[in-house]
Amino acid sequence: GYSFTDWGGNILFVTMTTLIMYFYTDVMGLPANGALSAATIILISRIVNALLAFVWGWAIDHKWAFYSKWGQCRPWFLFLAGPFVVTTWLCFAAPAFNITSTAGMFGFALLTYIFSSGVCYNGLAAALNAIVTNLTKNDNDRRVASTFRMFGGGAGWLFAALTTFVLTGIASACWGSDKNDARAYYITVAIWAVMAL
């Protein structure tokens, strides 16, 4: 069960981190300096991610929020999984909203990417790392659980890396369009989102 947390998270996170630059420039069509815009979005998100790591660590360590009812880490899984899959899907759904202005595209991409990778995934990852100490006090059992988690994360990464382009290619072919059909990406990510959730 512990391995599936990383498997589900990595299906979406790996899809997002490996495809987002290509998606923003070639599929979504950020303007001529699209690579610079996409890199700026990713840079800002990483800065937010670094700052929020302290916030998430503090919130989990200080048993903030719902500790007495659901435990120290479980609330973060329960309340961040849904927003993570929705915001990750929104990262790939921008063309569906027919945003035509450059500033609108950039703003939508920036907000969805920050909330997906910087806020939601960061909170889930912090809870995932913290929960192992609550699962068992035995050091050997912690190592075994962490090994299973790493295996699940690697399997999720491999699954996403091997199948995402195949599925987007099949979806694009079904519509008779080229490989950069935006619908193929947001449908593929929607399938991954349901699996990850």
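One aromatic cluster is formed by Y22, F23, Y24, F92, F165 and Y185. The structure is a predicted model, in which local features need pLDDT of at least 70 and side-chain atom pairs count only at pLDDT 80 or more, while totals for chains, interfaces and linings use all residues. Residues are numbered from 1 along each chain as its sequence is written, and side-chain values use heavy atoms, with hydrogens and water left out.

Searching the whole structure gives twelve aromatic pairs, where rings of Phe, Tyr and Trp (its six-membered ring) pair if their centres lie within 6.5 Å, and where planes under 30 degrees apart count as stacked, over 60 as edge-to-face and the rest as tilted. Two of these pairs are set out below.

| Pair | Distance between ring centres | Angle between planes | Class |
|---|---|---|---|
| F13 and Y121 | 4.0 Å | 5 degrees | stacked |
| Y22 and Y185 | 6.5 Å | 50 degrees | tilted |

The pair of F13 and Y121 links distant parts of the chain, since F13 belongs to helix α1 (residues 2-27) and Y121 to helix α5 (residues 102-135), 108 residues apart; helices here are DSSP runs of H or I with at least four residues, numbered from the N terminus. F13 and Y121 are both buried, a term that stands for under 20% relative accessible area, with exposed meaning over 50% and partly exposed in between (1.4 Å probe, protein chains only). Because Y22 lies in helix α1 and Y185 in helix α7 (residues 182-196), their pair ties together parts that are 163 residues apart in sequence. Y185 is buried, at a relative accessible area of 2%.

How do the axes of α1 and α5 cross, and within what distance do they come? They come within 11 Å and cross at roughly 155 degrees, the axes being lines fitted to C-alpha atoms over the stretch in contact, with angles from 0 to 180 degrees between N-to-C directions. α1 is therefore roughly antiparallel to α5, a class for angles over 145 degrees. The contact (heavy atoms within 4.5 Å) includes F13 and Y24 of α1 and Y121 of α5. Its residues divide into twelve nonpolar, six polar and one charged, where Ala, Val, Leu, Ile, Met, Phe, Trp, Tyr, Cys and Pro count as nonpolar, Asp, Glu, Lys and Arg as charged, and the others, Gly among them, as polar.

Helix α1 also holds S3, which is buried with a relative accessible area of 15%. Apart from its neighbours within four places in sequence, S3 is in contact with F148, R149, G152 and G153.

Note on methods: Helices (H or I, at least four residues) and strands (E, at least two) are DSSP runs, numbered from the N terminus. Angles under 35 degrees count as roughly parallel, over 145 as roughly antiparallel, 65 to 115 as roughly perpendicular and the rest as oblique.
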